[in-house]
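Here is a short briefing on a pocket and on backbone geometry. Please keep the sequence and the structure in view while reading.

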Amino acid sequence: SDNFAINKGRLPWPVKNGIITQTYGEHEHPVLKHIIVNNDGINITSTEGAKARSVFEGIVVRIVAIPGANQIVILRHGNYLTVYNNLSEVFVKLGQKISPKQEIGTIFTDKNKGNDTTFQFMIWKGKNKLNPEPWLSK
């Protein structure tokens, strides 16, 4: 946990190339007026075939398939968790030790939405959801 915490602002991006397309927290829906959305992480959009990768060394503690969200991988880094949501393919196994920048899965590309390749990245400390953006290197 201490090693993870002291690297705030220096963690590598969870994808080699991408941009943040939805920020953390509550904000107005981009299309529907008077609708507030709450994002527990950040959404990062990349290119078709992009791979999600670990931001820090850790252990795979969960791999879950959720209808409408594809597959989710959760890594433990002491008291911290990182969550990688919307993977079409997973390369890691439960209990596996992971290195920084190790590829953990392929981000799902939605062919029905113009090849949109977006995934959600979250950081939790215990049960508290944190804004991932200030944790990542610029």
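A residue counts as buried when its relative accessible area is under 20%, as exposed when it is over 50%, and as partly exposed in between. The model discussed here is predicted.

**N86**
- N86 sits in strand β8.
- Its relative accessible area is 15%, and the cut-off for buried is under 20%, so N86 is buried.
- The phi of N86 is near 95°, a positive value in a residue other than glycine.
- Most residues other than glycine have a negative phi.

**N115**
- N115 is found in the loop between β10 (103-107) and β11.
- Its phi is also positive, near 60°, and N115 is not a glycine either.
- Is N115 buried or partly exposed? The relative accessibility of N115 is 37%, so this residue counts as partly exposed.

**The largest pocket**
- The volume of the largest pocket is about 300 Å³.
- Its lining has 13 residues.
- Nearest the pocket centre lie G68, N86, K113, D116 and T118. N86, the buried residue of strand β8, is thus one of this group.
- Which strands each supply at least two residues of the lining? They are β8 (80-90) and β11 (117-125).
- The largest share comes from β11, with 3 residues.
- By class, the lining holds 7 polar, 3 nonpolar and 3 charged residues.

Notes: Residues numbered from 1 in each chain as written. Predicted model: local features only at pLDDT ≥ 70, side-chain atom pairs only at ≥ 80, totals over all residues. Heavy atoms only, no water. 1 Å grid on protein atoms, 1.4 Å probe; cavity = no way out; pocket = protein on both sides within 12 Å on 5 of 7 lines; lining within 4 Å. Points joined across faces, edges and corners; volume = space filled by probe spheres on them. Helix = DSSP H or I, 4+ residues; strand = E, 2+ residues; numbered from the N terminus. Nonpolar A, V, L, I, M, F, W, Y, C, P; charged D, E, K, R; others polar. Buried < 20%, exposed > 50% of the residue type's maximum accessible area, 1.4 Å probe, protein only.
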